[in-house]
Structures are given as structure tokens and as C-alpha cells.
Amino acid sequence: MGLLDIHVDQIEFETVPKFVLFGGSDRDETRDTSASVTTTPAGSLPVSLTKVVAVSLVATVIAFGMAWLKGFIDSQLNLNC
């Protein structure tokens, strides 16, 4: 004897196109229509080179700042005895 009894008499399902599951429209994907697809050249980056350099510089400055802060705290607390 259990606390929960589940009785299933009938299971209904509906086939939904994959496009609808990811927020698309409810259109028939089985038709043979060519969709307009825009492609980017293979050599282009998704972000600009200046953004990559800026993020790298900021990450480097933060890393050096954290290392300096650790050394400062260690010297103030005399943990490097």
C-alpha cells in the first residue's frame, strides 16, 4: 500500500517540429522550400580584435592587482614568517 496511486488509462501525444520547441513559429518544416540563410565568411571573428585585447588587458591588470593585494595582506598580517 502506497501513499500515491497513479492509474494511466490513455496517453496522448502530438508531434511538434523541432523549430517550435526552440521558440520558432508553427510552420510546416516537411515542405521542400529553401530558406534564406545568411552565412558569414570563414575568416571573420565573432568579436572585434580591440575587444579581445581590451578584455585581455583588464584580466591581466586584475590578476596583478590580486597578487599585489595578497602580498600586501600577507605582509600586514605577518603570515610569511
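Author: Residues are numbered from 1 along each chain as its sequence is written, and side-chain values use heavy atoms, without hydrogens and water. As the model is predicted, local features need pLDDT of at least 70 and side-chain atom pairs count only at pLDDT 80 or more, while totals for chains, interfaces and linings use all residues.

Reader: How do you know that the length of helix α2 agrees with its 29 residues?

Author: The expected span is 1.5 Å times one less than the number of residues. For residues 49–77 that gives 42 Å, and the end C-alpha atoms are 42 Å apart, so the two agree. Helices here are DSSP runs (H or I, at least four residues), numbered from the N terminus.

Reader: What makes Trp 68 and Phe 72 a stacked pair?

Author: Rings of Phe, Tyr and Trp (its six-membered ring) pair if their centres lie within 6.5 Å; planes under 30 degrees apart count as stacked, over 60 as edge-to-face and the rest as tilted. The structure holds one aromatic pair. Its centres are 5.4 Å apart and its planes at 10°, so Trp 68 and Phe 72 are stacked. Both residues lie in α2, four residues apart, about one turn of the helix.

Reader: Why is Trp 68 called exposed?

Author: Buried means under 20% relative accessible area, exposed over 50%, and partly exposed in between (1.4 Å probe, protein chains only). Trp 68 has 59%, so Trp 68 counts as exposed. Phe 72, at 39%, is therefore partly exposed.

Reader: And why is Met 66 called exposed?

Author: Met 66, also found in helix α2, has 52% relative accessibility, so Met 66 counts as exposed.

Notes. Helix = DSSP H or I, 4+ residues; strand = E, 2+ residues; numbered from the N terminus.
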